[in-house]
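Please read the sequence and the model side by side. The account below moves through it one region at a time.

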Amino acid sequence: ATLRMAWKQDATGLDPHKQTAFSSIRLLELVYEPLVRFDKDLQITPAVAASWEFSADAKQLTFKLNPNAKFQDGKPVTPADVKASFERILDEKTAAAARANFLSIASIETPDDKTVVFKLSQPDVPLLTAMASINAAIVPAAEIAAGTVGTKALGSGPFKLDKWEPNSKEVLSANKDWAGGKIAVDGIDISVLPDETAILAALRTKQIDFALINDPLVATLVPREASLVLNRTPVLAYHVLQMNPSRKPMDNLAVRQAISCAIDRQDVLDTASVGEGKVTGPLTMPGYTNDAGTLFCYKRDVAKAKKLMADAGFANSFSATVIAANGEPATAAAEAQVIQSQLAEIGVKLDIKMMELNVYVDAWLKGDFDMAVALNGGRADPYSMYNRYWTKTGNLQKVANYIDDTLDSLMQKGRVETDPAKRKAIFSDFEKHIVEVSPWVWLYTSYSYTAQQKNVQGFTPTPEGSLFGLSKVTLQQ
Amino acid sequence: MSMLRAIFSHPSGRIGGTIVVIYVVVALLGMFGITPHDPLQQFRIDRLHAPNAVYWMGTDLFGRDVASRLMKGIGQSFLVGFCAVTLASFTGTLLGLTAAWFGKTWDGLVMRVMDVLLAFPAILLALLIIAVAGPGTWTSVAAIAIVYTPIFTRVVRGPALSIKAREFVDAARTFGSSRRYILTRHLLLNLVAPLTVQVTLALAWALLTEAGLSFLGLGTQPPASSLGLMLADSRNLMETAPWLLIFPALAIMISILGFNLLGDALRDILDPKTRSRTA
Amino acid sequence: MSYLTRRLLTFPLVMLGVSILVFFAIRMVPGDAITAMLGTEAGLLTPAQRQALAAYFGIDKPILVQYWNWLVGVFQGDLGISVTHGKPVLDIILERFPLTLQLALMSMCVALIIGLPAGVFAATRNEKLSDLGVRIFAMIGQSTPNFVVGLLLIYALSAGFGILPAMGEFTPFLTDPLRNLGQMILPAVTLGFAFAASVTRISRSAMLDVLSDDYVRTARAKGVPKRNVIWRHALPNALIPVVTLSGVEFGYLLGGAVLVEQIYALPGLGRLVLEAILQRDYALVQGCVLFIAFNFLVVNLIVDLAYVALDPRIRLGEGS
Amino acid sequence: MAPLLSVSDLRVGFGRDPRQNEIVKGVTFDLEAGETLAIVGESGSGKSVTALSINRLVDFGGGRIIDGSIRLKRADGNILDLAQAAEPVLEKIRGAEIGMIFQEPMTSLNPVLSIGTQIEESFRLHRGLTGRQATAAAKDALDRVRIPDAARRLKYAPNQLSGGMLQRVMIATALACNPRLLIADEPTTALDVTVQAQIMALLGQLKHETGMAMIFITHDIGLVAGIADKVMVMQAGQAVEQGRLDEILDRPQHPYTRHLLGAVPHFESGRATRSDFHREPSKAKSLALAVEGLTVRFKVSGSLFNRSPGSVHAVENVGFDLMPGETLAIVGESGSGKSTTARAILGLVHPTRGSFSTSSGKAADAANPGVQMVFQNPYASLNPRLRVDSILAEPVIAAGGRINAETLERMKALLMRVGLPENSLERYPHQFSGGQRQRLCIARALMLNPSVMVLDEAVSALDVSVQAKVLELLIDLQREYGLAYLFVSHDMAVVERIAHRIAVLYAGQIVEIGDASSVLSNPQHSYTRRLISAVPSIDRRNQHFELDTRQVPSLVRPPGFEPPEAQWRTFGPDHRARAEA
Ligand SMILES: Nc1ncnc2c1ncn2[C@@H]1O[C@H](COP(=O)(O)OP(=O)(O)OP(=O)(O)O)[C@@H](O)[C@H]1O
Ligand SMILES: Nc1ncnc2c1ncn2[C@@H]1O[C@H](COP(=O)(O)OP(=O)(O)OP(=O)(O)O)[C@@H](O)[C@H]1O
Ligand SMILES: [Mg+2]
Ligand SMILES: [Mg+2]
């Protein structure tokens, strides 16, 4: 049987090394495989590689490839393919999205036909988690040479992409030779339904078996239908109010803290996301999370906020503009409005400016905003998640616009530390500090939702929102 | 004055006129903030209440009073509609009039430019304008105005050409009346009738366009409200809180109904051929 | 020069204007194909990477050079390659166009089949109760935004009756007529509702005008029965405004109906352009807009020719 | 024996409450088979409503028969009261037993159907003919109304035929089924004299051939003489007088009938021309206006698939002069180029060639206040949205003047002079009657003390009695201010009353020009003679009109065409005519 599936946003391209949009990754994860991948608890599990090992000094990483791994054209996955893939990623001309994560790779060696050795210029523990991303997918060396990576989807993953009509549909068929095991469905037909109420309607009328849902308002309607099941998984991505500390008066610590204290995060969550989510600090990945209640001003304290404002010399009020993207996330406009109303209580007058996503991204990248409501992607590792913003050399330092020596040094320490317990402690300090200096106000993490008919079974969601679990799905009649 | 009397003694004019007057009053109240509650205040413990004695039309996701927001929204939509139509009718009239009068190259130029604007998909045109200038009340006004200018230009140019051929214009030319005099006193004055009708119809369209733009998130910016934005926001709450959809939808329908009825009445009143008739 | 020649000569001019407008307007919108593809991750690119991507998307050259190259391509029938679809723009448009055309045709049919008889009926019952009924229906039709109609229809059908047209994947008529019609009927009705309302009103008032014309009196004086008076004598004369309206509306529909396509998840031209804009797929936006504008001009020309066919009095090209 | 049609105490009203709004207030008459009844009366007197009530077409205009009966003797001898008849019965009678023709042939035929289809329809409906038979019958019907080349013309759309032709098509349609009663509602009012004569002749002949009865409605009592057996005079919805033709024309009883007869300008073959001005060639220096070699051509635009076939030679080499205090009338049938000549002089159309000069030495054109124009249609030549004071002020403003006490005085004086109440200044044009509006136009033209007035059909749109008064006013003004008139008209009776000299225009060229009495009493060109013989007159009773089916030549000439030089012949001191081939 073929699984009929729907989602709202379609992939924007087929080159696994270049695509960063959630929607593209959701599709490419079914077609391509990285060396390793995360399971539902964000533990690293085998993919193309069957096993791996760090050297003691963390300067060498060795993979043994799965001998059964084959590309969808029947050719086996070889160490040469791995080497070519990473060289492609590292080549600046490729403009690979994840290149920055792999800069510590000094050389790649392929001693035999099952082994790949990465030699690193410095110890780099997060490298392994970075390799679990589809942006580090293994593609055939031949395709790279032919320059057809973005146009033809040829991976080693569980499904073959037979047809792709952008913004309309995808047709996937099961890859019989997949090394990961037997696939129960014959294939997946994906329809792009740009309106989520339409997705719900299609589920209700059994036109589709499985769907991805973004808007919590729609998701909460799914369980009302007896024949439908809603899966919700906490995700790593976090909703945040970004301030621009390079602009007055956000350059003032007290002002930022006042804002942080004035915001009732639970209320934002309850209103904008109808309570679908969890208030969080900066660290959203399992294994690193701390009790949010212990963080600075995570209990709303208007009196304190007012006092901070007064201390900073803003007893009266100031106004600022907050930007948010239309529908990205679906809750952005609502979050902005709740925050606006909460901040009004301490005399901060917020102007909301909703923007088309691209316009927003443009402004965001230029750091051209007072405040921004954002949904930023998470990583399984705190360093890969935050180095871009809070290290002095981070690529998005310009967006964060905040330089803090403590944050920088904590990041560097965490990067080289291999002992999990010590790492956790380092990043806990990082979290405490960054919440206290409040360049941003972390709000909450939400869920990723999939909805399915009762007869669809065996799907396991992951915190990254991956649909890889579809490879295990069965359709009962 | 006699115009008002004529409208109110016309069957559909009476209904349309009454609706429009009520809306204008509501819009003004909304604009000056005379509403049952503060339309922006979030009574967050009262989220998504169904209509009741306190909140006549219920509350929205934030616990804001829908009735107050609706009043404010009507004010906003009308503001955008009126300004856009004023702008479009003004530019359109100017262009159409001069095109008809001067003919030849100027006419060709104006009409080709208008053709370009007409041939350009309207919603895309609006979208591009808004994307370039950033969304907001005045951008919406400009976008809608630019979309409707070619229509007004055409509406004016046709009759202007025929009035230009009327004998009283010939007469004026035999006296040697100045161009400006002929354009304003003879042509423009006689275009008032078709223009009035067109303006009421355009107002109705402008409301719909504003709704469409806001629906796409390109119109009015939150937390302000407009009819289209309220509809858009209610979309995913249609099942949980139907009142969020019903009231704005009704409001928009009735207002457009009002403008259409009024437009029909004006057409009858101003056009002797269809006098005593309603469409 | 004949009217047709003169008219056709304005086509390239208007198209040129449209091309300039779309080309520069779309580039003035902040964001580009790179931010569209990478989102905020675009900030991670090194300058060399950015340069490589700009070259890939063809946005690295000076803007006038880009325009010239594109224009030259257009004259050779090459609208460029869409970067999101990885296909020639023309191919994509031609793939999507049948749906849009079919939708436009169907909504027009819906509008004419309902609107014309309703308008004629109302005109002959001028000022009677049934006339009032038709007019109220028409007013409601005209004043309901079509996305509201669409949303309500979908909700009512899916939640109330558990039926829904097949969404998402479009089945061409020739492949499976039944499925195709099942899919298209609701969108067509949604679009046709307001359209029918306009047709009703226009045909009613045109009929009323015509019914008081002298030749209708002549026909009656000849003893022509009422039905024939209406359908054979009056209607053909009342058709001009109906044709005008239908032409304009049809021309717009050929540009795609963004909201309705979005709600019913139909891959039509409207959504294609909208998504192309959102993804900053410049070549695709430009190609679509040119194509839509061209259709609009052609439809307008056809409408003008239809006037001549309908009414021998009309001689085109005079005065304008 | 019952008469064919017997109408008694017919009352017709309009609107929601027809009794309140009674238009026809008790009309009674009888009509025998083969007889012709003429209904005359001024505009709005209820003639048309009476006629439309007979075959019950008033029902469709919102009218209702309140009272009275309309008894028709049907072909089988039964008598039917049409006032009570049901619609399906009426449908059988209309067209089959009662035919009808209307005033405006241009609008009375369906513009989108070919004339063949429209004629055939009668045969299909009432005779049950189909296909070839119907077509053949339609061709015969066209032959009967003397349309040449009938078979081909069947396929024409109405807009491809002239007004006179169309009226003949209308007649053919109405007579298709040999009705025993024909109602003709002002069948010739919209046509010009020569065509009117043709139509009248045709009706007379057909009546003779078929023996049908006819009701002939007109407001032109001159026409009645030629065709009617009986006359009914209507005023304000009532028949104020009726009787045999001679009785009414020679011994009118009712004052209204007498007034009507008195107001009609009778054409008297040049005997009634003015004698208050004599042209003295020696004074040629002080010409008010001289026109030489005026030629106007309009380029014909190409049709859908074709290029332009050439241009319309609307005015070809026209020349004349005009002295102060003199009236030159330009006459000719429709389309002969009269208006174009007048408009060219005022600069409203650009002449292809030709020169003008005026007494002031300046060229006559838009900026020359010495030449002013009064247009045919007083409704159209006043801006409906301006008040009279603004209307009168316009020429002054245009000439660079201001509205001061002096201009205001002048406005009032002129209004008084043309016979309008002083409070007119604050009113709008629609608050005046047609005659009053034409006076307004005249006053406006006088605001700048012109020396030449161009009057294009200035009295043609007015009712006869009003027409006479305006003519009188014009003559008075001419005497008072020494104005020169260029008087454009197609109405010979009017021309006779106002012109000193006459120029006859045919197909854009002057064919005869000279002293009015000489031209009218002794016409030399065949076209002038034709024009004059077509003028109806109450002196020519039951006259047999000549049927002339000649067509006006097309004025469209291929590009580059130049007409041959004209040859003139002189007949007396001031009378020339073009030599004919
Ligand atoms: N459909 C109608 N509704 C209301 N009033 C009407 C209608 N038709 C005619 N009348 C009125 O009836 C009166 C007589 O009109 P009718 O047409 O019979 O005049 P007439 O004598 O034929 O005049 P004319 O010479 O101008 O044709 C006029 O005052 C006119 O306003
Ligand atoms: N603007 C124009 N363009 C083309 N042809 C024209 C134009 N004006 C007049 N004509 C043509 O010139 C000829 C003379 O027209 P004109 O109006 O001078 O006739 P007229 O003698 O005044 O007729 P009428 O008695 O009907 O007013 C006609 O054949 C007419 O069709
Ligand atoms: Mg009449
Ligand atoms: Mg004329």
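This is a predicted model: local features need pLDDT of at least 70, side-chain atom pairs count only at pLDDT 80 or more; totals for chains, interfaces and linings use all residues.

Residues are numbered from 1 along each chain as its sequence is written, chains are lettered from A and ligands numbered from 1 in the order in which they are written, and side-chain values use heavy atoms, with hydrogens and water left out.

Helix H1 of chain A spans residues 22–31 and is mostly covered, with 9 of its 10 residues buried. Helices (H or I, at least four residues) and strands (E, at least two) are DSSP runs, numbered from the N terminus. Buried means under 20% relative accessible area, with over 50% called exposed and anything in between partly exposed (1.4 Å probe, protein chains only). Among the buried residues of H1(A) are A:Ile25, A:Arg26, A:Leu27, A:Leu28 and A:Glu29. Their cover includes strands E1 (2–7), E8 (159–165), E9 (169–174), E10 (187–192) and E11 (210–213) of chain A.

Between chains D and B, 22 residues of chain D are in contact with 17 residues of chain B, contact being heavy atoms within 4.5 Å. The area buried between chain D and chain B is about 1900 Å², and carbon and sulfur atoms give 56% of that area. Buried area is the accessible area (1.4 Å probe) that two parts lose on being put together, summed over both. D:Asn383, D:Arg385 and D:Glu394 supply 29% of the area that chain D buries against chain B, more than any other three residues.

The count between chain D and chain B is 1 salt bridge, that is, a side-chain nitrogen of Lys or Arg within 4 Å of a carboxyl oxygen of Asp or Glu. The side chains of D:Arg343 and B:Asp170 meet in a salt bridge at 2.8 Å, N to O. On the side of chain D that touches chain B, strand E15 (371–374) and helix H13 (388–398) of chain D are the elements that give two or more residues. H13(D) gives the most, with 5 residues.

Helix H10 of chain B, residues 243–270, holds B:Asn260. B:Asn260 is buried, because its relative accessible area is 5%. Residues that B:Asn260 touches, not counting those up to four places away in sequence, include B:Leu201, B:Ala204 and C:Met139. The C-alpha atoms of B:Asn260 and B:Val20 are separated by 10.0 Å, and the two residues are 240 residues apart along the chain.
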